[in-house]
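Trainee: Please pick one part of this model and take me through it closely. I would like the contacts spelled out, in one connected account.

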Amino acid sequence: MTIDQFNFAGHKAFVRVDFNVPLDEHYHITDDTRIRAAIPTLSRIIKDGGSVIIGSHLGRPKGVDVQFSLRHILTHVSELLGVPVQFADDCVSDEAVSMAGRLRAGEVLMLENLRFYAEEEGKPRGLKEDVTAEEKAAAKAAIKEAQALFTRKLASMADCYVNDAFGTAHRAHASTALIAAQFDRDHKMFGYLMEQEVRAVEKVMHQIERPFTAIMGGSKVSSKIEIIENLLGKVDNLILSGGMGYTFAKAAGGTVGKSLVEDDKLDLARDIVRKAKEQGVNLVLSVDAKIADRFDNDAQTRYSDIMTIPDEWEGLDIGPKTMALFRDVILQSKTILWNGPTGVFEMDNFSDGSRAVGEAIAEATAAGAFSLVGGGDSVACVNKFGQAEKMSYVSTGGGALLEAIEGKTLPGIAAIAG
Ligand code: AMP
């Protein structure tokens, strides 16, 4: 079933959204992108004359914790939706179930943070260090049983299920995946955001217009190795930058001073270089760096060849030669995936490389390329530089997007798509 085929009139929909937004110390929302992203789905159900039960998590509470209460965002959700939103203090209490039961056409109920219950994630909480293997197994079995009950309670509030939480689609949690089994195929569907995200991933994975270029950055090779290996089989150009560039430079015999290096990944880096060659992938590595005498925005800086960074200096961004090199490759591309900054973009003096990559992608996109930007930090980059509107698609998913691109099946997607 798709959301556009379904008429919600007279129906009650349980909608799993990802309202895991950042809050400041006064509990004010500092970035409401994720809430805005789910509004089209929620509005559509209301407009049809359906009623909505909103389920979400916020943060990583270890139990009931007012700091992570969804009450903090209630007024804002209501303002964005343009209708009053009721609130249930406990997501599966009898009161919550009866509030859901009383909802009339066009009415909306938001449930308290689903992760106040360990059942949402299905993992035992608060296990002592010294428990025996049997005790651990018993705790796991108990939480799985409790999770099944929790899932049925959530499902009992509604007669259809909509998943619009791409950010948690890689988790097999009660409300993101298990709950789908409680509804038949005609009563479960993706929301609009989820549909868009799935379409964007499909496009870079299966409907590739070539050349296809992936730009991977960020801090470490180790956290991106699976995706890098998977991309080697798909891309024409693979640009590797950010902190991991120094591991590659050292692996090739360079000296990199105090730059971020994973010494236990030098072989892995050589392996990637070899595999790229074997598979005919143009691996594009940094040739120069903006180096600093300390990890500070106000540090002394200069440019250096990446292979000869002096002792006591560290590379915190790519240099101008690398920017030009990356730009050339990006401008020749028809499909572009960007994950991870080229340097410590949070500091203004080391953000030029990331900005330049964003600019080149924006230019390529204007000339007809399809560009997908995803993963927390690259999204923060394009937002910071005002480039988000110039990309074909900016994903709301971090881990979920990377796992989808690694070729993994996401439980939240499989639960609906089969
Ligand atoms: P990741 O979470 O792996 O995508 O890494 C993102 C983080 O990597 C950002 O916070 C950047 O500041 C950091 N980063 C990128 N380049 C460097 C570098 N050359 N040295 C240290 N940190 C870096």
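This is a predicted model: local features need pLDDT of at least 70, side-chain atom pairs count only at pLDDT 80 or more; totals for chains, interfaces and linings use all residues.

Mentor: Across the interface of domain 1 and domain 2, the rule finds 0 salt bridges. The side of domain 1 that touches domain 2 is made up of 4 nonpolar residues, 2 polar and 1 charged.

Now the layout. The domain assignment places domain 1 at residues 12-195 and domain 2 at residues 208-405. Their C-alpha centres are 35 Å apart, and the contact draws on 7 residues from domain 1 and 8 residues from domain 2. Between them the two domains bury about 630 Å², with carbon and sulfur atoms giving 61% of that area. On the domain 1 side, Phe 166, His 170 and Leu 193 supply 70% of the area buried against domain 2, more than any other three residues.

Trp 338 is part of strand S15, which covers residues 335-339. Trp 338 counts as buried because its relative accessibility is 0%, and the cut-off is under 20%. Setting aside residues up to four places away in sequence, Trp 338 touches several others, including Ile 215, Val 357, Ile 361, Leu 372 and Val 382. A polar atom of the Trp 338 side chain lies 2.8 Å from the backbone oxygen of Gly 340. Val 379 is 41 residues from Trp 338 along the chain, with 9.2 Å between their C-alpha atoms.

Definitions and conventions. Residues are numbered from 1 along each chain as its sequence is written. Side-chain values use heavy atoms; hydrogens and water are left out. Domain bounds come from an automatic or database domain assignment. Contact means heavy atoms within 4.5 Å. Buried area is the accessible area (1.4 Å probe) that two parts lose on being put together, summed over both. A salt bridge is a side-chain nitrogen of Lys or Arg within 4 Å of a carboxyl oxygen of Asp or Glu. Ala, Val, Leu, Ile, Met, Phe, Trp, Tyr, Cys and Pro count as nonpolar, Asp, Glu, Lys and Arg as charged, and the others, Gly among them, as polar. Helices (H or I, at least four residues) and strands (E, at least two) are DSSP runs, numbered from the N terminus. Buried means under 20% relative accessible area, exposed over 50%, partly exposed in between (1.4 Å probe, protein chains only). A polar contact is a pair of N or O atoms within 3.5 Å; within protein, one must be able to donate a hydrogen and the other to accept it, and residues adjacent in sequence count only if both atoms are side-chain atoms.
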